Amino acid sequence: MSIRSYTVALATALVSTAATARAQAPVASAFRDFEATEAKNLVAAAETVPAEKYSYKPTPAQMSFGDIVVHLSQGNDYFCSEIGGTKAPTRTKVTAASSKAELVARLKETFDFCGTSLATLDDSKLSEQLPFFGGRKMSRAGIMTVTTGDWADHYSQSAIYLRLNGLLPPTAKKPE
């Protein structure tokens, strides 16, 4: 058999294995796909906002853009460690007053942690009760749903902040 034939056979086997895994864990697979999309969009939004606008708040009662990035980073470590059943890394503290470079790097680190933590997630333990805020318990599927909503909420919030500053959010830009 030629190298080309071996390559085609290997590629076919890998695609088949991936398709089987997706079919056996459709919820976990969809969640991982959503995490990857939100990571891309939220990091792109953080990179788009100019450094001098990280303190921007539409009203005094709202979070600054820097606060949103800190909140997302903390949430990523918390939610992904709970969902994935892994311990979140110990990180140096960042605040909304940290530099844009530090905040973007932290957001990327936490999404990288999510990707690693969720890599082995499957559908077999969706009903498992996990610790959640306030000492209560929630199913793994419930925490996944809360996390999905949190990422969508904060991307929407980021998109509004961008538009209020005359900038297009990443998902509104034409593909290059």
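Buried means under 20% relative accessible area, exposed over 50%, and partly exposed in between. The model here is a predicted one.

Q: Which side chain meets Lys108 in a salt bridge?
A: Side chains of opposite charge can pair when their charged atoms come close. Here the N to O distance is 3.0 Å, and the partner of Lys108 is Glu47.

Q: How many residues apart in sequence are the parts that Lys108 and Glu47 tie together?
A: Lys108 sits in helix H4 (residues 100-118), while Glu47 sits in helix H2 (residues 26-48). So their pair ties together parts whose separation in sequence is 61 residues.

Q: Where does Arg91 lie?
A: Arg91 pairs up with Glu109 in a salt bridge, with the closest N and O atoms 3.4 Å apart. Glu109 is in helix H4, so the pair ties together parts 18 residues apart in sequence. Arg91 itself lies in the loop between helix H3 (65-84) and H4.

Q: Is Arg106 buried or exposed?
A: Arg106 forms a salt bridge with Glu109, the closest N and O atoms being 3.0 Å apart. Both lie in helix H4, 3 residues apart, about one turn of the helix. Glu109 is partly exposed at 36%. Arg106 has a relative accessible area of 11%, and the cut-off is under 20%, so Arg106 is buried.

Q: Which residues are linked in a network of salt bridges?
A: Glu109 forms salt bridges with Arg91 and with Arg106. The network links Asp77, Arg91, Arg106 and Glu109.

Notes. Residues numbered from 1 in each chain as written. Predicted model: local features only at pLDDT ≥ 70, side-chain atom pairs only at ≥ 80, totals over all residues. Heavy atoms only, no water. Salt bridge = Lys/Arg side-chain N within 4 Å of Asp/Glu carboxyl O. Helix = DSSP H or I, 4+ residues; strand = E, 2+ residues; numbered from the N terminus. Buried < 20%, exposed > 50% of the residue type's maximum accessible area, 1.4 Å probe, protein only.
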